[in-house]
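Student: I have a protein model open beside its sequence, and I would like to learn how to read its features one by one. Could you take me through it slowly?

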Amino acid sequence: MKELRDRIRDIPDFPKKGIIFKDITPLLADVSSFQKVVDIFAKRYANQSIDYVVGIESRGFIFGAATAYRLDAGFIPVRKPGKLPYETHRVDYELEYGTDSIEIHVDALHEGNRVVIIDDLLATGGTAGAACQLVQKAKATIVECGFVVELEFLKGREKLKGTPSFSLIQY
Ligand code: AMP
């Protein structure tokens with residue numbers, strides 16, 4: 001994991017003051033590191049009969065789509081409001097200041113589908129918690145939420161309310 005950790009760069013005060021942004025672009029650019037992340041996800045979910053990988057906009061698309069390909073599963077995007085062209089379900093969630101929302105197409109998932117939710121990073125858990133609610137609206141089964149990075153001090157897992165979650169690298 002040191003190889004991966006060494007390729008995650010801290011950018012202080014981005015996108016605003018006080019936030020240390022974990023920049024995963026050096027990891028993506030390194031063939032062995034990117035493959036390692038996708039291999040770990042693919043191996044972990046290989047025998048779990050996954051129908052769909054749900055990727056959270058936007059860095060969740062990168063890891064999620066590659067993992068879906070490896071799992072012979074479909075890929076479903078969860079996106080910021082106004083981006084998905086068809087009818088959507090929407091869930092609002094709390095930010096430090098104000099609220100945000102994410103959406104999924106109403107016909108993307110069906111009862112009984114087995115789903116893995118993937119994003120690059122778990123911080124406060126607001127985004128992933130909202131993604132879980134979107135998947136649950138369709139009565140699909142969340143096998144696990146998978147993250148490359150988890151900022152443990154923000155206790156994001158608590159917002160996932162018992163949904164199993166997994167991260168490769170913790171801070
Ligand atoms: P949260 O809803 O607080 O768990 O935030 C998770 C979402 O915001 C993920 O999609 C991350 O990509 C992004 N994010 C939050 N904090 C950071 C951070 N310190 N560095 C990079 N991305 C972050």
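Student: Let me begin with two helices: in a left-handed or a right-handed crossing, how does H3 pass H4?

Tutor: The handedness of a crossing tells you which way one helix is turned when you look past it to the other, and in this predicted model the crossing of H3 and H4 is right-handed.

Student: At what angle do H3 and H4 pack, and how far apart are their axes?

Tutor: Helix H3, which covers residues 31-45, packs against helix H4, residues 59-71, at an angle of about 50°, and their axes are 9 Å apart.

Student: How much space lies in the largest pocket, and which residues are closest to its centre?

Tutor: The largest pocket holds about 1300 Å³ of space. It is lined by 35 residues, and those closest to its centre are Ile 19, Leu 95, Leu 121, Ala 123 and Thr 127. By class, the lining has 17 nonpolar, 6 polar and 12 charged residues.

Student: Which element gives the largest share of that lining?

Tutor: The largest share comes from S7, with 4 residues, while S2 (20-23), S5 (88-94) and helix H5 (126-137), like S7 (114-122), each supply at least two.

Student: What is the mean pLDDT of the chain, and where is confidence lowest?

Tutor: Where pLDDT is low, predicted coordinates should not be read in detail. Here the chain has a mean of 97, and 100% of its residues reach 70 or more; confidence is lowest in S5, at a mean of 96, and highest in strand S3, residues 52-56, at 99.

Definitions and conventions: Residues are numbered from 1 along each chain as its sequence is written. This is a predicted model: local features need pLDDT of at least 70, side-chain atom pairs count only at pLDDT 80 or more; totals for chains, interfaces and linings use all residues. Side-chain values use heavy atoms; hydrogens and water are left out. On a 1 Å grid over the protein atoms alone, a cavity is a set of points where a 1.4 Å probe fits but cannot get out, and a pocket is an open set with protein on both sides within 12 Å along at least five of seven lines; lining residues have an atom within 4 Å of a point. Grid points are joined across faces, edges and corners, and a volume is the space filled by probe spheres set on the points. Ala, Val, Leu, Ile, Met, Phe, Trp, Tyr, Cys and Pro count as nonpolar, Asp, Glu, Lys and Arg as charged, and the others, Gly among them, as polar. pLDDT is the predictor's confidence in each residue, from 0 to 100. Axes are lines fitted to C-alpha atoms, for helices over the stretch in contact, and angles run from 0 to 180 degrees between N-to-C directions.
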